Amino acid sequence: MSMIEFHDVQKYYGKFHALHDINLEIDKGETVVLIGPSGSGKSTLIRTVNRLESIQGGKLIVNNQDLSNPKTDSNRLRQDVGMVFQHFNLYANKNVLENIMLAPRIVSHMPEEENKKQAMELLDMVGLADKAQNMPAQISGGQKQRVAIARSLAMKPKLLLFDEPTSALDPEMIDDVLQVIKKVTSASEMTSLIVTHEMGFAKEVANRVIFMDQGHLVEDDESIAFFKQPKTVRAQQFLSKIISH
Amino acid sequence: MQTWIDALSWLNFGFLLKGLAVTLYISLVSIVLSFILGSVLGIIRYSKIKFISAAVGFVIDLVRNLPLLLIIFFTYFGMPKIGYRPSAITSAIIAMTIFESSMLAEIVRSGIQSVSEGQMEGARSTGMSFVQALWYIILPQAYRHMIPTIIGQFVSLIKDTSLATIIVVPELMQHAQVIYGQNANYIVPMFAALTLLYFIICFTLSMAGSYLHKHMAS
């Protein structure tokens, strides 16, 4: 059973061709890591999956909904597809607890008590139960990202997208966040698609690795095989540059 | 000295205060109406709904680039020609509302745009609709930034109501004219009274604005 299907997907920004003929199938429960140099289209690709970016050609099916059909309801789609952003995007006008409780309350109409209980459990899971009443501006970057993960989990997504979740963090904060992501992706039935530059982490959590370059999907392989020896020269070059330091 | 005492007799001063009441009435009604209309127009401008957003943008640009006096003349002298004859006070309120709404629409649009795009994306990614994201996340942050500018606009609005004297709305400025029209020696005392009254009202509002801004920021 597939969760995501790309069939010859094209993405343009004006005349710039950002994604070329993307063909990709991701099954339910898989944890897939998307890597590649800057500007290769990783973030663009992941953002098409929850329709933050539109596509201009081909067919894209996510959670049995056809995103190439303009009539498909984006809000309905996103209730099952969470996203964790590079810059966290916590609501600056709401405290930590409210950040987590807002969408379950106004989108899925969860009863208030159940909602609060769930939010506190999620905060506990990411190790921030004591920060429930803090405003986002009062906590560190790593803490913000853990709250953002809890917020996206509160909608009980079937698919969770991580768009460079540690790229904006101080080095000492990265590990805590990666631990939480590891916990989340390994414990559940959830499907995850992760854009990251953390190769060690990618090796550890991914079942599968996708390598992109200049808007093309260059390589798609089992994680162990990929990190041992990528098939394409481009991916070999990329890995050798990254891993050497 | 005796001129000043006569000019500002209880009778005259009471007459000025009646004018002031009309000024405040026009201001208050226009502020409420233009705040609502300006917010709606600003949100439509921001939403980029095809054609509608562009059409609204055109009207806003048009109105913003006209003298307020022309709009007041239009509502008072022009509208009766197309079948609606409002009273002078209503004309003034309609004109102020049209003019101030287009000013506020631009303030609201840029206020919304000053909230980082990530806030909208974060909200939409959880399944919230555009309107929910605006209501719960974007607008509360945007209005907080906008308070000083919006209050400043309201201060201009109050001062601009004095233009309504030209269509003989019985507001503060007009009543002062009536008084010194009877005795030219009263001109300077009347101007002094107007200066004081406009200053007290506008300055108080400005101060309330900065207090609110500081208070909400903390």
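How many residues of chain B are in contact with residues of chain A? The legends below begin with that meeting place and then visit each chain in turn.

This is a predicted model, in which local features need pLDDT of at least 70, side-chain atom pairs count only at pLDDT 80 or more, and totals for chains, interfaces and linings use all residues. Residues are numbered from 1 along each chain as its sequence is written, while chains are lettered from A and ligands numbered from 1 in the order in which they are written.

**View 1. Where chain B touches chain A.** Here 16 residues of chain B are in contact with 21 residues of chain A; two residues are in contact if their C-beta atoms, placed from the backbone, lie within 7 Å. On the chain B side, H6 and H7 each supply at least two residues, and the largest share, 6 residues, comes from H6(B). Helices (H or I, at least four residues) and strands (E, at least two) are DSSP runs, numbered from the N terminus. By type, the chain B side divides into 5 nonpolar, 9 polar and 2 charged residues. In this grouping, Ala, Val, Leu, Ile, Met, Phe, Trp, Tyr, Cys and Pro count as nonpolar, Asp, Glu, Lys and Arg as charged, and the others, Gly among them, as polar.

**View 2. Chain B as a whole.** Chain B has 9 helices and 0 strands, and its C-alpha trace spans about 75 × 50 × 20 Å along its principal axes. Of its 218 residues, 35% count as buried. A residue is buried if 20 or more other C-beta atoms lie within 10 Å of its own, exposed if 12 or fewer, and partly exposed in between, with C-beta atoms placed from the backbone. Among contacts in chain B with a separation of 6 or more, 76% come from residues 24 or more positions apart.

**View 3. H6 against H7 in chain B.** Helix H6 (residues 117–124) and helix H7 (residues 130–160) of chain B have axes that come within 10 Å and cross at roughly 160°. Axes are lines fitted to C-alpha atoms, for helices over the stretch in contact, and angles run from 0 to 180 degrees between N-to-C directions. That angle makes H6(B) roughly antiparallel to H7(B) (under 35 degrees counts as roughly parallel, over 145 as roughly antiparallel, 65 to 115 as roughly perpendicular and the rest as oblique). From H6(B), the contact uses B:Gln119, B:Met120, B:Ala123 and B:Arg124, and from H7(B) it uses B:Ala133, B:Ile137, B:Ile138 and B:Gln141. These residues divide into 5 nonpolar, 2 polar and 1 charged.

**View 4. H5 against H7 in chain B.** Helix H5 (residues 88–114) of chain B packs with H7(B) at an angle of about 150°, their axes 9 Å apart. This pair, too, is therefore roughly antiparallel. Among the residues that meet are B:Met103 and B:Ile107 in H5(B), and B:Met146 and B:Ile150 in H7(B). The contact of H5(B) with H7(B) divides into 12 nonpolar, 5 polar and 2 charged residues.

**View 5. Two partly exposed residues of chain B.** B:Leu24 belongs to helix H2 (residues 10–47) of chain B, and it counts as partly exposed because it has 15 C-beta neighbours inside 10 Å. B:Ser206 sits in helix H9 (residues 187–217) of chain B and is partly exposed, with 15 other C-beta atoms within 10 Å. Leaving aside neighbours within four places in sequence, B:Ser206 is in contact with B:Ile151 and B:Val155.

**View 6. The six-stranded sheet of chain A.** This open sheet of 6 strands has the order E6-E7-E8-E3-E9-E10 and mixed pairing; two strands pair if DSSP finds at least two bridges between them. At its edges are strand E6 (81–84) and strand E10 (216–222) of chain A, each pairing on one side only. The twist averages 15° from one strand to the next. Strand E9 (residues 208–213) of chain A runs antiparallel to E10(A), joined to it by 6 bridges, and A:Phe211 stands opposite A:Glu219 in E10(A). Helix H5 (residues 141–153) of chain A lies across E6 and strand E7 (159–163), running at about 175° to E6(A).

**View 7. The four-stranded sheet of chain A.** An open sheet of 4 strands has the order E2-E1-E4-E5, with antiparallel pairing. Its edge strands are strand E2 (16–27) and strand E5 (65–66) of chain A. Strand E1 (residues 2–13) of chain A and E2(A) are joined by 8 bridges, and A:Lys11 stands opposite A:Leu19 in E2(A).
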